[in-house]
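Student: Could you take me closely through the aromatic rings of this model, and say how each pair is described?

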Amino acid sequence: MSTTPPSILQNPDAAATYQAVYDALGRAYWEASDINSKDLVYGAQEAIGEIITTLDEQDLASNTDVFIQLKPKIAAVNASLQTIQAQISTITKNINTAATVSSVISKALSLFPS
């Protein structure tokens with residue numbers, strides 16, 4: 001059995017990566033063109049906020065139980081982020097925001113690939 005921790009545990013910047021996604025989604029929310037897009041973005045942003053709070057409260061590299069507890073939430077957030085990434089051009093027409101959102105989502109998804 002491998003003792004290598006999942007990639008999120010090896011990356012000390014997980015909270016910073018999720019914070020960047022949270023911030024970018026905040027911009028995308030205000031630029032979203034319809035209520036369904038706003039709801040999608042807000043839901044993901046809210047869940048990411050909970051992950052950030054937990055990451056800030058605990059050192060995941062030394063607390064496997066917390067990671068196991070967060071794993072389902074991270075998987076659910078990643079599914080939402082993939083949907084947002086696929087639909088970002090319809091969520092916001094601002095090219096800079098769309099590019100930023102797509103970039104930070106890619107980085108967040110790489111922390112804990114599905």
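Tutor: Ring pairs join Tyr29, Trp30 and Tyr42 into a cluster, where rings of Phe, Tyr and Trp (its six-membered ring) pair if their centres lie within 6.5 Å, and planes under 30 degrees apart count as stacked, over 60 as edge-to-face and the rest as tilted. The model is predicted, with local features needing pLDDT of at least 70 and side-chain atom pairs counting only at pLDDT 80 or more, while totals for chains, interfaces and linings use all residues. Residues are numbered from 1 along each chain as its sequence is written, and side-chain values use heavy atoms, with hydrogens and water left out.

A search of the whole structure finds 2 aromatic pairs. In the edge-to-face pair, Tyr29 and Trp30 lie 5.1 Å apart centre to centre, with 90° between the planes. Trp30 counts as exposed because its relative accessibility is 69%, whereas Tyr29, at 22%, counts as partly exposed; buried means under 20% relative accessible area, exposed over 50%, and partly exposed in between (1.4 Å probe, protein chains only).

The tilted pair is formed by Tyr29 and Tyr42, at 6.2 Å centre to centre and 55° between the planes. This pair links distant parts of the chain, since Tyr29 belongs to helix H2 and Tyr42 to helix H3, 13 residues apart; helices (H or I, at least four residues) are DSSP runs, numbered from the N terminus. Tyr42 has 43% relative accessibility and therefore counts as partly exposed.

Tyr29 also has a charged neighbour: the charged end of Lys38 sits over its ring, 4.5 Å from the centre, the criterion being NZ of Lys or CZ of Arg within 6 Å of the ring centre and within 35 degrees of the ring normal.

Key: Helix = DSSP H or I, 4+ residues; strand = E, 2+ residues; numbered from the N terminus.
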